[in-house]
Amino acid sequence: VNVPTTVWVDEAGRIVRPNDVGFGTDTFRHLTGIDSGRYLGVLQAWVRGDAPAPDADRIRARQALPTPADQQARAEFALGAWLYERGRAAAAARHFERAGELAPHDFTIRRGSMPMRGIDPMGPEFRAMFRAWTEAGRPYYRPLPD
Amino acid sequence: MEATFTLLDEGRAVQVSARIVGARIELAPEVVTGLLAPAPDRPPPAGMVELGELASGLNRPLALDLDERVAYLGTPADARGRRLASLEAPDFALPDLGGRIHTLARQRGKKVLLVAWASW
């Protein structure tokens, strides 16, 4: 649910690895528990041509397709951003909050809107959100299988 | 009450004249026809069209702010799902730190690693 995420696109403009967790270094390993080596290994194998990209059906099986609630959340977020850019911060906040309610798993929406709501995205509200998420047994990072 | 209303059609802003009756946003047929891509199987509306009913009929998410006189018509989940399932990477244009615009299409012929990050 958090960045960094990556997408691989081949020479023909086709997605061959959908949105995935992809750390390029181990800077945050003490927080995430994720070693960058595994990801960099499969990335290098693809770039060098040592490993073919998976077939289309396997790629599609790894995609997270949006629900109607996800799309409603995106519409609310987009409206909030449009209002915020026009100085209508209070009105924008209503739509950011609604978007977060509709897509509680979407930290791009929930955390990404914090600066536009005057909230520190590294501060106590984020930490409380993070704790609630992880203490419910939900992973903050969900790398795709190789 | 007649009022100018802003419709954001997947981000494209269109100013329209609307009739606001309570929580209903009513649009004239010519406004609706001008807004939406032609659909051969969809006859033009005969009378005023309520925005929420229009969005519902098109299966499109609608985010509405009546006080601000603005609404956002988004992409239906099934349409977005079909786009994703096509595996075609949609083109985009973004500036680098020097203001130079880069598009995904310009990278055709190379393998591309797209990384989403946040500066916070």
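# Chains A and B: contacts and pairing

User: How many salt bridges does the rule find across the interface of chain B and chain A?

Analyst: This is a predicted model, in which local features need pLDDT of at least 70, side-chain atom pairs count only at pLDDT 80 or more, and totals for chains, interfaces and linings use all residues. Residues are numbered from 1 along each chain as its sequence is written, chains are lettered from A and ligands numbered from 1 in the order in which they are written, and side-chain values use heavy atoms, with hydrogens and water left out. A salt bridge is a side-chain nitrogen of Lys or Arg within 4 Å of a carboxyl oxygen of Asp or Glu. Across the interface of chain B and chain A, the number found by this rule is 2.

User: Which residue of chain A forms a salt bridge with B:Glu68?

Analyst: Side chains of opposite charge can pair when their charged atoms come close. For B:Glu68 the closest N and O atoms of the bridge are 2.8 Å apart, and the partner is A:Arg88.

User: Why does the salt bridge of B:Asp65 and A:Arg94 join two chains?

Analyst: The two side chains meet at 2.9 Å, N to O. Helices (H or I, at least four residues) and strands (E, at least two) are DSSP runs, numbered from the N terminus. The pair joins two chains because B:Asp65 lies in strand β5 of chain B, while A:Arg94 lies in helix α5 (residues 89-102) of chain A.

User: Is B:Asp65 buried or exposed?

Analyst: Buried means under 20% relative accessible area, exposed over 50%, and partly exposed in between (1.4 Å probe, protein chains only). B:Asp65 has 4% relative accessibility, so it counts as buried.

User: What area is buried between chain B and chain A?

Analyst: Contact means heavy atoms within 4.5 Å, and 34 residues of chain B are in contact with 46 residues of chain A. Buried area is the accessible area (1.4 Å probe) that two parts lose on being put together, summed over both. Carbon and sulfur atoms give 65% of a total of about 3,300 Å².

User: How many residue pairs are in polar contact between chain B and chain A?

Analyst: A polar contact is a pair of N or O atoms within 3.5 Å; within protein, one must be able to donate a hydrogen and the other to accept it, and residues adjacent in sequence count only if both atoms are side-chain atoms. With both residues at pLDDT 80 or more, the count between the chains is 17.

User: Which residue is the bridge partner of A:Thr5 in β9(B)?

Analyst: Two strands pair if DSSP finds at least two bridges between them. Strand β1 (residues 5-9) of chain A and β9(B) run antiparallel and are joined by 5 bridges. In β9(B), A:Thr5 has as its partner B:Ala116.

User: Which strands stand at the edges of the open sheet in chain B?

Analyst: The sheet has 6 strands in the order β4-β3-β2-β1-β6-β5, with mixed pairing. Each edge strand has a single partner strand, so one side of each is left without a neighbour in the sheet; the two are β4 (49-50) and β5.

User: Which residue of β6(B) stands opposite B:Ala63?

Analyst: β5(B) and β6(B) pair over 4 bridges in the antiparallel sense. Opposite B:Ala63 stands B:Tyr72.

User: With which side chain does B:Asp9 make a polar contact of 2.6 Å?

Analyst: B:Asp9 is placed in strand β1 of chain B. Its relative accessible area is 14%, so B:Asp9 is buried. The side chain at 2.6 Å is that of B:Arg60.
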